[in-house]
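Keep the viewer open as you read.

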Amino acid sequence: MTTPALLLDDVTVSYGDRAALDGVTGRAEPGSSVALIGPNGAGKSTLLKAILGLVPLDRGRIEVLGRSPVDARRHVAYVPQADALDPEFPVSARQVVTMGRYREIGWLRRPGRADRVLADDALDRVGLADRSGDRFGTLSGGQRQRVLLARAIAQQAELLLLDEPFNGVDATTQDLLLGVLADLRAEGVAVVM
């Protein structure tokens, strides 16, 4: 029996006196995919934050790769909604992807050749190798979402969390993202979106 990538047991989270999640239970195995479906305000993003260890639990338990969320962070990649980022920040697509390597290389060290190769390979996987030098903010919404997925790929995580990855993307980009996610699952990465 393998250790689940994600285990949720009676997870309850509140903001003040208002429950955002109440008694959520479930699991995701390595190489599996789980979709969180519900209306705005249903607690989907709160659950992702709890899995990342960013919000305290009122009760219940979360295990990520057999560890606490905080202890497992280096093995988890998070892809936020692309429209939640500042498009004016002066950084290239390659630099955004390379940020996925910072946990490995540290904030004060420069990325090495292997890190640059991983970043370039990740951009290639999402079909944006030719846009690597473009400023992140000049890319379309779908292209920004693909860059954020490439950053997660470069991180080489075992659990991938995506917050509304298809919001505002066209059908072609959606198909490309689904293909990349299928490849990641085949490599043993668990995906929660």
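Helix H5 (141-155) has 15 residues and spans 21 Å from first C-alpha to last, close to the 21 Å expected at 1.5 Å a residue (that is, 1.5 Å times one less than the number of residues). Helices here are DSSP runs of H or I with at least four residues, strands are E runs of at least two, and both are numbered from the N terminus. This is a predicted model, where local features need pLDDT of at least 70, side-chain atom pairs count only at pLDDT 80 or more, and totals for chains, interfaces and linings use all residues. Residues are numbered from 1 along each chain as its sequence is written, and side-chain values use heavy atoms, with hydrogens and water left out.

H5 is largely enclosed by the rest of the structure, because 14 of its 15 residues are buried (under 20% relative accessible area, with a 1.4 Å probe and protein chains only).

S6 pairs in the parallel sense with S5 over four bridges (pairing takes at least two DSSP bridges), and Leu162 is the bridge partner of Val79. On S7 (residues 190-192), S6 has a parallel partner over three bridges, with Leu159 opposite Ala190.

As for the pocket lining, S5 (76-79), H3 (102-105) and H5 each supply at least two residues, and S5 gives the most, with three.

Methods
Buried < 20%, exposed > 50% of the residue type's maximum accessible area, 1.4 Å probe, protein only.
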